[in-house]
Amino acid sequence: MKKNYLLLLIIFMVGIFISGCATMPPFSSQPDFVPQEINMTSYQPKVENFVVILDASASMRTWYDGSTRFKAAKAIVSRMNQTLPNMDVQGGLRTFGHSRSVSTENTILMYGMAPYNRAGLQAGLDKVTKADGSSPFSDAIDGANQDLRATTGKIAP
């Protein structure tokens with residue numbers, strides 16, 4: 001009788017160890033993104049120029065909500081780009097702190113300053129493939145300042 005209990009206990013313990021090693025698929029709290037088209041007939045842009053600054057430094061490699069901060073930041077910029085309506089504005093995408101495989105500069109203008117279009121901004125975003133390096137945010141601010149000096153009209157704060 002004791003052998004049966006011992007055998008059941010061993011089988012139970014093995015089952016617990018095996019189920020403890022089972023992995024679940026990664027959980028993503030981010031729902032699928034479906035951009036909504038905006039009817040621009042009753043809207044007009046309040047600015048003529050904007051620059052998006054993307055942090056691609058080593059600190060962005062840390063995990064956040066099932067992914068890295070870098071991937072989350074890129075997703076935010078991509079979703080913003082998909083949501084912005086086609087309008088007559090100048091746009092730019094500046095990055096800082098990226099991997100040396102992307103650029104050896106502290107900060108670079110990946111897109112713009114050019115008439116905004118979704119494909120162009122997305123192509124610039126796609127060039128930033130890896131986060132690494134230091135965080136020269138002040139260099140990116142100075143660079144964006146220089147980018148915007150060559151423009152005319154209102155600037156997004």
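**Salt bridges and a nonpolar patch in a predicted model**

Modeller: The structure holds two salt bridges. Keep in mind that this is a predicted model.

Biologist: How should I read a salt bridge here, and which side chains meet at 3.1 Å?

Modeller: Look for a side-chain nitrogen of Lys or Arg within 4 Å of a carboxyl oxygen of Asp or Glu. Arg61 and Asp132 meet that way, at 3.1 Å from N to O. The pair links distant parts of the chain, 71 residues apart. Arg61 sits in the loop between strand E1 (49-55) and strand E2 (63-64). Asp132 sits in the loop between helix H3 (118-126) and helix H4 (137-149).

Biologist: Which residue forms a salt bridge with Asp147?

Modeller: Arg94 does; the closest N and O atoms are 2.8 Å apart. This pair also links distant parts of the chain. Asp147 is in helix H4, while Arg94 is in strand E4 (residues 90-96). They lie 53 residues apart.

Biologist: Now the overall fold. What pattern does the protein follow along the sequence?

Modeller: Count the elements, then read their order. There are four helices and five strands. In sequence they run α-β-β-β-α-β-β-α-α.

Biologist: Among contacts between residues at least 6 apart in sequence, how many join residues at least 24 apart?

Modeller: The share is 75%. A contact here means heavy atoms within 4.5 Å.

Biologist: On to the surface. Which residues form the nonpolar patch?

Modeller: A patch gathers accessible residues of one kind. Here Leu6, Leu9, Ile10, Phe12, Met13, Val14, Ile16 and Ile18 form a nonpolar one, with about 760 Å² of accessible area together. Ile10 lies in helix H1 (residues 2-21).

Biologist: What does the accessible surface of the protein come to?

Modeller: About 10700 Å², of which 61% belongs to carbon and sulfur atoms. As for the interior, 29% of the 157 residues count as buried.

Note on methods:
Residues numbered from 1 in each chain as written. Predicted model: local features only at pLDDT ≥ 70, side-chain atom pairs only at ≥ 80, totals over all residues. Heavy atoms only, no water. Patch = residues over 30% accessible without salt bridge, like charges linked within 9 Å, V, L, I, M, F, W, Y side chains within 5 Å. Areas by Shrake-Rupley, 256 points an atom, 1.4 Å probe, with all protein chains shown as cover. Helix = DSSP H or I, 4+ residues; strand = E, 2+ residues; numbered from the N terminus. Buried < 20%, exposed > 50% of the residue type's maximum accessible area, 1.4 Å probe, protein only.
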